[in-house]
Amino acid sequence: MLKQFVPAEFAHWSPDSWLRQFRYAMSIKDTHPEAALKVLIDTDYDRWKTICEQVDHIELVAAAIEFLGKSLGNGTKRCLKSRQCDQKIERTIDVAKLAAIDKRDEKMVIEINQLQEKYSQLSNIQAKYADNVQQSNKELQKIKHQSEIQQADDRTKQRKSSLQRQITQEYASQKKVQEKLTKIERKIRILRQIRTTIRPYPCI
């Protein structure tokens, strides 16, 4: 039988118990959302800060905040009278955001820096492709100019054909690198946007 927890239980339990109960609530949020909600609704900053410091993956706290947000205005919950419950959920979200902000922000800064480093490496590769194309085009134009003056021999024709294939391949490689760069730019933009939304409301 599923044990029905109430927020008051956390006031008497140890920090280790807070983390265990948090994990339990997250494990049942999809199957028993009301029970999970009763565990998670708690405006005790110390409790949320302890969870954020001890949890292996801070994304789990982010998922809890998202779950709480989706519970707002949900008429099926029976934790308190509807408006009182929504107010406490809103307050819990603010407290959880405040407790998690340092760890979440630090993680995203690391991710952004890693993406920027990868972007720089790919940009250098793309620059080399562009330089190769430029050099190949110069040689190709020189061959074409010579061919206009005198008939090209078989060796020159083979070199011309080789350069044309090389240029086509270099352009294709440039396109692939550009697609990767665009994806990285998008990821960085999303992470920067998220950094502006993980902060609690100004009232905190």
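Biologist: In this structure, does lysine 107 count as buried, partly exposed or exposed?

Modeller: The model is predicted. Relative accessibility is read against cut-offs: under 20% is buried, over 50% is exposed, and values in between are partly exposed. Lysine 107 has a relative accessibility of 29%, so it counts as partly exposed.

Biologist: What share of the residues of the chain counts as buried?

Modeller: The chain has 204 residues, and 34% of them count as buried.

Biologist: How many helices and how many strands does the chain contain?

Modeller: There are six helices and zero strands. Read from the N terminus, the order of elements is α-α-α-α-α-α.

Biologist: Let us turn to the interior. Where do nonpolar side chains tend to be found in soluble globular proteins?

Modeller: As a general idea, nonpolar side chains in such proteins tend to be buried together. In this model, the largest nonpolar core comprises 29 residues. Phe22, Leu40, Trp48, Val61, Leu68 and Ile89 have the most contacts inside this core.

Biologist: Which helices each supply at least two residues of this core?

Modeller: They are helix 1 (15-28), helix 2 (33-40), helix 3 (45-54), helix 4 (59-71) and helix 5 (82-149). Helix 5 contributes the most to the core, namely seven residues.

Biologist: Which residue forms a salt bridge with glutamate 59?

Modeller: The partner of glutamate 59 is lysine 107, and their closest N and O atoms are 2.6 Å apart. Glutamate 59 belongs to helix 4 and lysine 107 to helix 5, so this pair ties together parts that are 48 residues apart in sequence. Glutamate 59 has a relative accessible area of 38% and is therefore partly exposed.

Biologist: What is the N to O distance in the salt bridge between arginine 159 and glutamate 139?

Modeller: The distance between these two side chains is 2.7 Å, N to O. Arginine 159 is in helix 6 and glutamate 139 is in helix 5, so the pair ties together parts that are 20 residues apart in sequence. Arginine 159 is partly exposed at 32% relative accessibility, and glutamate 139 is partly exposed at 31%.

Biologist: Which helix gives the largest share of the positive patch?

Modeller: Helix 6 (residues 154-197) gives the largest share, with six residues. Lysine 187 is located in helix 6. With a relative accessible area of 49%, lysine 187 is partly exposed.

Biologist: Finally, I wish to compare separation along the chain with separation in space. How far apart are isoleucine 190 and isoleucine 112?

Modeller: These two residues are 78 residues apart in sequence, and their C-alpha to C-alpha distance is 9.9 Å. Isoleucine 190 lies in helix 6 and is partly exposed, with a relative accessible area of 41%.

Biologist: What separates the C-alpha atoms of glutamate 185 and glutamine 116?

Modeller: Their C-alpha atoms are separated by 8.5 Å, while the residues are 69 residues apart along the chain. Glutamate 185 is placed in helix 6, and its relative accessible area of 34% makes it partly exposed.

Biologist: Where is lysine 160 placed, and how far in space is it from serine 136?

Modeller: Lysine 160 is in helix 6. Lysine 160 and serine 136 are 24 residues apart in sequence and 9.6 Å apart in space, C-alpha to C-alpha. At 28% relative accessibility, lysine 160 is partly exposed.

Methods:
Residues numbered from 1 in each chain as written. Predicted model: local features only at pLDDT ≥ 70, side-chain atom pairs only at ≥ 80, totals over all residues. Heavy atoms only, no water. Helix = DSSP H or I, 4+ residues; strand = E, 2+ residues; numbered from the N terminus. Buried < 20%, exposed > 50% of the residue type's maximum accessible area, 1.4 Å probe, protein only. Core = buried A, V, L, I, M, F, W, Y, C linked by side-chain atoms within 4.5 Å. Salt bridge = Lys/Arg side-chain N within 4 Å of Asp/Glu carboxyl O.
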